[in-house]
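These are my notebook entries on one protein chain. I record what I looked up, entry by entry.

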Amino acid sequence: MITGELKNRIDSLWDIFAAGGLVNPLDVIEQITYLMFIHDLDDSDNLRAREAAMLGLPYKSIFADEVQVGDRRIDGQQLKWSVFHDYPAGKMYSMMQEWVFPFIKNLHGNKDSAYSKYMDDAIFKLPTPLLLSKVVDALDEIYKLMNEAQSADVRGDVYEYISSRLQVNGRAGAFRTPRHIIRMMVEMVEPQPDDIICDPACGTAGFLVEAGQYLKGKHRELFFDRCKKDHFLNHMFHGFDMGRTMLRIGAMNMMTHGIDNPFIEYRDSLSDQNPDREKYSLILANPPFKGSLDYDTVSADLLKMCKTKKTELLFLALFLRMLKVGGRCACIVPDGVLFGSSTAHKAIRQELVDGNRLEAVISMPSGVFKPYAGVSTAVLIFTKTGHGGTDRVWFYDMQADGFSLDDKRSSVAENDIPDIIARFRNPDAEKDRKRTEKSFFVPKDEIVANDYDLSINKYKKTEYVKVEYPSTQEIMAELRELEKMIGVEMDKLEEILK
């Protein structure tokens, strides 16, 4: 969560836009996003150059030599934020209008790419050189504070806080997944170099970015094999969303993290717009819990699997449809999915348990998504088999995630996430865990007997410790003794006051 001076600086940035005549929240968010992308291009280009040097790989800067913009050519170094931010306001403004913004719009050579598609109608809307100069100075201060924060999640927090100014985003129930929760889910499913990864409700592409970072850290061989590298850069990552602003942010976010050509597309994943079946080997998602949809907006084959209007159930059906046999999924669901008594709730849980292999249910405390939402959630991890395979399900009762569970979300020492990852990776050590502990296995037969209920409270046992209390006579004797002592002290006070 953004607090203190960083929050004040972002608030001041909004005031600068308002004073400059740009008051539409969506316009402000888009313009801030473009400028942050331009800033990040400079940083990420330097980082990728250093990584290439460490790996002994060739790398050509996007700012190297002369850069073609339209029918003109210009020294690429002038397009770097670290260079033009020192220009006088008038020169900076003309540079941004004539060179920098056209450069980022056409940055991707493939005109059919997601980036080119969603940047095609991007417009630079800052009306005056003075406003641009003030915004650039403000962003420099914000980035300075972000770097001082030394938090892996501060960038996501800044995006979320900026986006929170948009009161209506068209998707009730949509909120950013904290980066440490995303990282936990990614580390549990362990993406592989040959995976095809999808997030059908990708937002700013946080899950896809984290999966990419994981692969870059764990599988460096990706960059020494031409086919694997091509797959990573151009074919591995797929994301869908229904907001063009989110699509732009997502595409830019992926590119600044070194993924050249992610497939980020405008799509209503639950509708007939989405033809994907048995296409992906890994799905990572936190789909919106919108409440209910009209039947006529939902794909007919999803309704066959799970006749409901609830998006959280329909998305689970969708994940099963989109996964290849053998594909894995880690997704976040509201607690109601685990124990809901409707026919649709039971049907989707039965499909996960009987028709596929449900591996884990991690129950998360309700404060994980504060201050944006107080909903109780869980992480489900399963593999699509199409013919069953669940013999037992691993449950974990997460009680702390490294942050306070109030609106402040301050850093705290208690954190179950490292334990969750370690225990999930070593299932043999979990066999003899008791139901009174944080994690344990529950056999499939017991889950079936409980109407496929997946709530941890159904199976967790509370250990009661016997406490011996003093007898009533002893308590009364102590009270009498205290009464005498109070009387003595009152007599002393009375003597003093005479």
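**Entry 1: salt bridges**

I looked up D195 and found a salt bridge with R328, whose closest N and O atoms are 2.9 Å apart. D195 sits in the loop between α8 and β3, and R328 in strand β7, so this pair ties together parts that are 133 residues apart in sequence. I noted that the model is a predicted one. Is D195 buried or exposed? D195 is buried, because its relative accessible area is 3% and the limit for a buried residue is under 20%.

I recalled the general rule that side chains of opposite charge can pair when their charged atoms come close.

I next took D301, which forms a salt bridge with R277 at 2.5 Å between the closest N and O atoms. D301 belongs to helix α12 and R277 to the loop between β5 and β6, so the pair ties together parts that are 24 residues apart in sequence. I looked up the accessibility of both partners. D301 is partly exposed, at a relative accessible area of 21%. R277 is also partly exposed, at 46%.

K384 is buried, with a relative accessible area of 9%.

I then looked for linked bridges. D419, R423, E430, R433 and E437 are joined in a network of salt bridges. For the structure I recorded 27 salt bridges.

**Entry 2: two helix pairs**

I looked up how helix α2 (residues 25-55) lies against helix α11 (residues 244-256). They pack at an angle of about 10 degrees, with their axes 9 Å apart. Angles under 35 degrees count as roughly parallel, and α2 and α11 are therefore roughly parallel to each other. From α2, the residues in this contact include L26, I29, T33, F37 and R48. They meet residues of α11, among them R248, I249 and M252. By class, this contact of α2 with α11 has eight nonpolar, four polar and four charged residues.

The second pair was helix α1 (residues 4-19) and helix α6 (residues 129-149). Their packing angle is about 170 degrees, and their axes are 10 Å apart. How do α1 and α6 run relative to each other, parallel or antiparallel? Angles over 145 degrees count as roughly antiparallel, and α1 and α6 are therefore roughly antiparallel. On the α1 side I listed E5, L6, R9, I10, L13, I16 and F17. On the α6 side the contact includes L131, V135, L139, I142 and M146. By class, the contact of α1 with α6 has twelve nonpolar, no polar and four charged residues.

**Entry 3: nonpolar cores**

How many residues does the largest nonpolar core have? The largest nonpolar core has 53 residues, and those with the most contacts inside it are L35, L79, F84, L126 and L132. α1, α2, β1, α3, α4, α6, α7 and α11 each supply at least two residues of this core. The largest share, ten residues, comes from α6.

Leaving aside neighbours within four places in sequence, L132 is in contact with L35, M92, Y93, M96, F124 and L126. Apart from this core lies another one, of 47 residues, and I noted I181, V209, M254 and A330 among them.

**Entry 4: helices α15 and α12**

I looked up which residues of helix α15 (residues 343-355) are buried. They are A344, H345, I348, R349, L352, V353 and G355. These buried residues pack against α12, α13, α14, β8, β9 and α17.

In helix α12 I also looked up K304. K304 counts as exposed, because its relative accessibility is 73%. Between K304 and A317 there are 13 places in sequence and 9.5 Å in space, C-alpha to C-alpha.

**Entry 5: the whole chain**

I ended with the overall values. The protein chain has 18 helices and 13 strands. Of its 498 residues, 51% count as buried. The C-alpha atoms fill a box of roughly 95 × 80 × 50 Å, taken along the principal axes. Among contacts between residues at least 6 apart in sequence, 71% join residues at least 24 apart.

Terms used. Residues numbered from 1 in each chain as written. Predicted model: local features only at pLDDT ≥ 70, side-chain atom pairs only at ≥ 80, totals over all residues. Heavy atoms only, no water. Axes fitted to C-alpha atoms, helices over the stretch in contact; angles between N-to-C directions. Helix = DSSP H or I, 4+ residues; strand = E, 2+ residues; numbered from the N terminus. Parallel < 35°, antiparallel > 145°, perpendicular 65-115°, else oblique. Contact = heavy atoms within 4.5 Å. Nonpolar A, V, L, I, M, F, W, Y, C, P; charged D, E, K, R; others polar. Salt bridge = Lys/Arg side-chain N within 4 Å of Asp/Glu carboxyl O. Buried < 20%, exposed > 50% of the residue type's maximum accessible area, 1.4 Å probe, protein only. Core = buried A, V, L, I, M, F, W, Y, C linked by side-chain atoms within 4.5 Å.
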